[in-house]
Amino acid sequence: PMMQGEFNMAIRITEYRNGIKVGSIIRDMQINVVTCNNAPPVLSVPGDTCVEAGSNLTFTVSASDANGNLVTLTATGGPLIVPSSPAVFPQPAVGLSFASSVFSWQTNCSHVRKSPYQMVFKATDNGQPVNLADLQSMNITVVAPAPKNLTASPLGNRIELTWDKEVCTN
């Protein structure tokens, strides 16, 4: 909306399976638009990254608030809930005008997969009349280690390649 006020909307969600409608539901919400001098906090999150299994991925996420409000920094995502060796991101991180926390993940072979893991970071302020937030996501791709000690030996009209046994056998 381009003006202040109370606005209501409804969304119909219809579910289909194999082209056949199996149900629907209507969700409604009220949106209040008010004047506000508060600016949202600003997150600083690294871009998408790729890490080799067995490596430790570490980076700092920070949030700052130009209005001097209390900032709360949190995160959710696959790396925090993987069964073996989950990532660590101490949260909530709270500070006046600034908050930061360090993401650390000791990856292993069980984390290797084709699709990336997504992390979502959120910074919320305690400004008035409304709390504002900034959300940013990043993708982390875990790949298997590259072959080690690769050798190429000519053998007639072909070349035979050999390398050390793979660390990630699955």
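What is the torsion about the S-S bond of Cys109 and Cys168, and is the disulfide left-handed or right-handed?

A: The model is predicted, so local features need pLDDT of at least 70 and side-chain atom pairs count only at pLDDT 80 or more, while totals for chains, interfaces and linings use all residues. Residues are numbered from 1 along each chain as its sequence is written, and side-chain values use heavy atoms, with hydrogens and water left out.

The torsion about the S-S bond of Cys109 and Cys168 is about -75°, so the disulfide is left-handed. It connects distant parts of the chain, 59 residues apart: Cys109 sits in the loop between strand E8 (98-106) and strand E9 (117-125), and Cys168 in the segment after strand E12 (158-162). Strands (E) are DSSP runs of at least two residues, numbered from the N terminus. The S to S distance of this pair is 2.0 Å; a disulfide is defined as a pair of cysteine sulfur atoms within 2.5 Å. A search of the whole structure finds one disulfide.

The two partners can also be described by their accessibility, where buried means under 20% relative accessible area, exposed over 50%, and partly exposed in between (1.4 Å probe, protein chains only). Cys109 is partly exposed, at 32% relative accessible area, whereas Cys168 is buried, at 11%.

Other cysteines complete the picture. The closest cysteine sulfur to that of Cys50 belongs to Cys168, but the separation is 13 Å, too far for a bond. Cys36 is partly exposed, with a relative accessible area of 30%.

Notes
Helices (H or I, at least four residues) and strands (E, at least two) are DSSP runs, numbered from the N terminus.
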